[in-house]
Amino acid sequence: MIIAIDGPAASGKGTIARRLAAHYGLSHLDTGLLYRATARVLLDRGERLDDPDRAVAAARGLALTDFDEARLRGAEMGEAASVVGAIPDVRAALLAMQRNFAARPEGAVLDGRDIGTVICPAAEVKIFVTADPETRAQRRALELAKRGEKVDYASVLADIRKRDERDSARSSAPLVAAGDAVKLDTSALDIESAVRAAIEIVEKRAGS
Ligand code: CDP
């Protein structure tokens, strides 16, 4: 069973994807890390994030050692990932790796922006996780503060709005719900309720 989880920043999609994977005994790929790692490599090399040739070379050359989550999870890297993610050839360079991951016999859970639309259009279950921007900003600010980053709510909210806009407006694989995705609004849900709701969606789909 392939479960595709998409949605905007800090909607809860990562937690839901991780918990679904544990619940069903499936592997999980957080595809945002691929874009974050690509951006990190460019910044480490002192290269521009919006240079398509350099960005494609960075994406193609990603190694396991580039996935140090402590260096990738910060706010700055979310923004940088969104810049490289808007380059169509970068998306193309990362496509096969994501599809290979999903092709394991038992299936997998992948989360990102274009899993249900581009990476795994035939996924058995597609969930589009949303929440209003203010709630997402609160969650992200808390998360970043826990990482020890100095954050203020207003700039986190501004960053989220800017990224929503860039991710939705780009021509290649924009952030949009697949036609056959089930929408899950987590604005009023805590983690446990959101995970329960996601499991119900999977059970309904799997049963039909
Ligand atoms: O947790 P959050 O949504 O903030 O970050 P993420 O999922 O790691 O994604 C960071 C950025 O990478 C997003 O704003 C997207 O621009 C880009 N991304 C993408 O384009 N496609 C994906 N499948 C995953 C992430």
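Helices and strands here are DSSP runs, numbered from the N terminus. The model shown in these close-ups is a predicted one.

**Figure 1. The largest pocket and the residues around its centre.** This pocket has a volume of about 960 Å³. It is lined by 40 residues, and those closest to its centre are Ala 10, Lys 13, Gly 14, Arg 140 and Glu 143.

Figure 2. At least two lining residues come from each of α1 (13–24), α2 (32–44), α5 (75–85), β3 (108–112), α8 (133–146), α9 (153–169) and α10 (191–207). Which helix gives the most to the lining? That would be α8, with 6 residues.

**Figure 3. Helix α5 alongside helix α9.** The axes of these two come within 10 Å and cross at roughly 15 degrees. Angles under 35 degrees count as roughly parallel, and α5 and α9 are therefore roughly parallel to each other. The crossing of α5 past α9 is left-handed. On the α5 side the contact uses Gly 78, Glu 79, Ser 82 and Val 83, while α9 brings in Asp 159, Lys 162, Arg 163, Arg 166 and Asp 167. Sorted by type, the contact of α5 with α9 has 6 charged residues, 2 polar and 1 nonpolar. Both helices also turn up in the pocket lining, each with at least two residues.

**Figure 4. Helix α2 packed on helix α3.** Helix α3 covers residues 52–60, and its axis lies 9 Å from that of α2, at an angle of about 120 degrees. α2 and α3 are therefore oblique to each other. α2 goes past α3 in a right-handed crossing. Thr 38, Val 41 and Leu 42 of α2 make the contact with Arg 54, Ala 55, Ala 58 and Ala 59 of α3. In the contact of α2 with α3, 5 residues are nonpolar, 1 is polar and 1 is charged.

**Figure 5. Helix α1 crossing helix α10.** What do you need to describe a pair like this? Two packed helices are described by the angle between their axes and the distance between the axes. For α1 and α10, the axes come within 10 Å and the crossing angle is roughly 55 degrees. That makes α1 and α10 oblique to each other, and their crossing is right-handed. The contact of α1 with α10 divides into 9 nonpolar, 3 charged and 2 polar residues.

Note on methods:
Residues numbered from 1 in each chain as written. Predicted model: local features only at pLDDT ≥ 70, side-chain atom pairs only at ≥ 80, totals over all residues. Heavy atoms only, no water. 1 Å grid on protein atoms, 1.4 Å probe; cavity = no way out; pocket = protein on both sides within 12 Å on 5 of 7 lines; lining within 4 Å. Points joined across faces, edges and corners; volume = space filled by probe spheres on them. Helix = DSSP H or I, 4+ residues; strand = E, 2+ residues; numbered from the N terminus. Axes fitted to C-alpha atoms, helices over the stretch in contact; angles between N-to-C directions. Parallel < 35°, antiparallel > 145°, perpendicular 65-115°, else oblique. Left-handed = near helix turned anticlockwise from the far one by under 90°. Contact = heavy atoms within 4.5 Å. Nonpolar A, V, L, I, M, F, W, Y, C, P; charged D, E, K, R; others polar.
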